[in-house]
Amino acid sequence: MITVNGAGVENAQGKTIAEYLAESGYDKKRVAVERNGGIVPKSSYDTTILQDGDSVEVVSFVGGG
Amino acid sequence: MTREDWFRALEQRHSADLQERFSQASVAICGLGGLGSNVAMALARAGVGTLYLIDFDRVDISNLNRQQYKASQLGLYKTEAMKQNLAEITPYCKVMINTVKLTEDNLSLLGDYEIICECFDNAECKAMLVNGTAENYPEKYIVAASGMSGLHTSNKIRTRKLGQRIYLCGDGESDVQADGTLFAPRVMLCAAHQANAVLRIIAGKFEV
């Protein structure tokens, strides 16, 4: 099982971060992704594969300031 | 008010130990709009030693509803206007300014600063700064903001952590494009969360 933003997610295992973000409707330009305590570099979204036990946090920034 | 008067007054309120930490601290504030102008004021008042203010824009009439500028400052660069305003509050905060647009290509400007405040308004710029800083400078603390538009309840504004060194302030969801505008109190609340997170980091209190 993979945990995303505190909730268990089915069917994410084996996908890359880029695939997961696209399928979940995130805009890649507006997000920051943490996996198991560390920020995933944007350049690694295409090559980082989600594995059983991963804990992922996706932050999607909104405008205003 | 002499330098000695100012620091004595701060030490009496904060304790000498804590004030020494604040005085030694250097904080970069990226963006001087509703968030950054309020963060800068709060940190200068707390006696943070050095502030590095970065913004490329000028003060516009549309900023006065929430940003810490005055009608007399319309047309000035925000960096220069904020430096003036901070000097009027306390001339003993060292204020460095850079009138430039921060991009992926010039994040090295932040190299000397241990704590980085993300105070932009554009969502993609926010993500760029947080990702770029975290990737290139994993030892730095980043205090970012997302979600403070509209007239939603104050109580949704909060501070949370992403990993060990990124702090996220705001409600995480209210988008100015959907809400149409920003109001001073909610932006100030979010900026106050950021400024408090910065002071807590300097004080060695890392939990939220």
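**Chain B: surface patch and overall fold**

**View 1. B:Ile61, B:Leu64 and B:Leu74 form a nonpolar surface patch of about 270 Å².** The model is predicted: local features need pLDDT of at least 70, side-chain atom pairs count only at pLDDT 80 or more, and totals for chains, interfaces and linings use all residues. Residues are numbered from 1 along each chain as its sequence is written, chains are lettered from A and ligands numbered from 1 in the order written, and side-chain values use heavy atoms, without hydrogens or water. Patch residues have over 30% relative accessible area and no salt bridge; nonpolar side chains (Val, Leu, Ile, Met, Phe, Trp, Tyr) are joined within 5 Å, like charges within 9 Å. A salt bridge puts a side-chain nitrogen of Lys or Arg within 4 Å of a carboxyl oxygen of Asp or Glu.

**View 2. B:Ile61 sits in the loop between β2 (50-54) and α4 (78-89) of chain B.** B:Ile61 counts as exposed because its relative accessibility is 65%. Exposed means over 50% relative accessible area, buried under 20%, partly exposed in between (1.4 Å probe, protein chains only).

**View 3. Chain B has seven helices and seven strands.** Their order along the sequence is α-α-β-α-β-α-β-β-α-β-β-β-α-α. Both are DSSP runs, numbered from the N terminus: helices are H or I, at least four residues; strands are E, at least two. The C-alpha trace spans about 50 × 40 × 35 Å along its principal axes.

**View 4. Buried residues account for 52% of the 208 residues in chain B.** Chain B exposes about 9,400 Å², with 48% supplied by carbon and sulfur atoms. Areas follow the Shrake-Rupley method with a 1.4 Å probe; for residues, only the protein chains shown count as cover.
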